[in-house]
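User: Hey, I'm new to this one. Can you walk me through it bit by bit?

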Amino acid sequence: RRRQQQQIYSSPTISHGQLRNAYSTLLLRSVNGLADTYRHQKKSSLLSVSHCCALAGLPLWIVDVRHDASHNDLPGLGVCRIGALESLRFWGGRYWMELEDGVL
């Protein structure tokens, strides 16, 4: 029984590269999902990702981090973490708080 508990509560070591990949994936999916939503609402696939995100109020530096993650080298771990935190803050204020208030 104790051995099972140790296996459940012990977490494997995650490398910096794996964390960068995870954070970058979060940013890619978040930014692309937001842009796709705006493109669908405006019925235009010609709108750029940065234009859609600017309309939504997402800080454009997060869009730049997403661009680097998808088209260049992965950003550093610190940048990825800050981007993920800012993305969570954005979604918290824009979506989750509205859900909680019953606006959506």
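User: Let's start in a loop. Where is Ser 45?
Analyst: Ser 45 sits in the loop between α2 and α3. Helices here are DSSP runs of H or I with at least four residues, strands are E runs of at least two, and both are numbered from the N terminus.

User: Before we go on, what kind of model is this?
Analyst: It's a predicted model: local features need pLDDT of at least 70, side-chain atom pairs count only at pLDDT 80 or more, and totals for chains, interfaces and linings use all residues. Residues are numbered from 1 along each chain as its sequence is written, and side-chain values use heavy atoms, with hydrogens and water left out.

User: Okay, back to Ser 45. Buried or exposed?
Analyst: Ser 45 counts as exposed, because its relative accessibility is 64%. The cut-offs are under 20% relative accessible area for buried, over 50% for exposed, and partly exposed in between, with a 1.4 Å probe and protein chains only.

User: How far is Ser 45 from Ala 35?
Analyst: Their C-alpha atoms are separated by 9.6 Å, and the two residues are 10 apart along the chain.

User: What else is in that loop?
Analyst: Lys 43 is found there too, between α2 and α3. Lys 43 is exposed, with a relative accessible area of 75%. Lys 43 also has a positive phi of about 50°, although it is not a glycine. For background, most residues other than glycine have a negative phi.

User: And the helices on either side, at what angle do α2 and α3 cross?
Analyst: Helix α2 (residues 16-42) and helix α3 (residues 49-56) cross at roughly 85°, and their axes come within 8 Å. The axes are lines fitted to C-alpha atoms, for helices over the stretch in contact, and angles run from 0 to 180 degrees between N-to-C directions. So α2 and α3 are roughly perpendicular to each other. That label covers 65 to 115 degrees; under 35 is roughly parallel, over 145 roughly antiparallel, and the rest oblique.

User: Which residues meet there?
Analyst: From α2 it's Val 31, Leu 34, Ala 35, Tyr 38 and Arg 39, and from α3 it's Val 49, Cys 52, Cys 53, Leu 55 and Ala 56. Contact means heavy atoms within 4.5 Å. By class, the contact of α2 with α3 has 9 nonpolar, no polar and 1 charged residues. Nonpolar means Ala, Val, Leu, Ile, Met, Phe, Trp, Tyr, Cys and Pro, charged means Asp, Glu, Lys and Arg, and the others, Gly among them, are polar.

User: New topic: how many aromatic pairs?
Analyst: The count comes to 1 aromatic pair. Phe 90 and Trp 91 form it edge-to-face, 5.2 Å centre to centre with 80° between the planes. Rings of Phe, Tyr and Trp (its six-membered ring) pair if their centres lie within 6.5 Å; planes under 30 degrees apart are stacked, over 60 edge-to-face, and the rest tilted. Phe 90 counts as buried at 11% relative accessibility, while Trp 91 counts as partly exposed at 22%.

User: Last one: what does Ser 87 touch?
Analyst: Leaving aside neighbours within four places in sequence, Ser 87 is in contact with Leu 26, Leu 27, Ser 30 and Ile 62. Ser 87 lies in helix α5 (residues 77-101) and is buried, at 3% relative accessible area.
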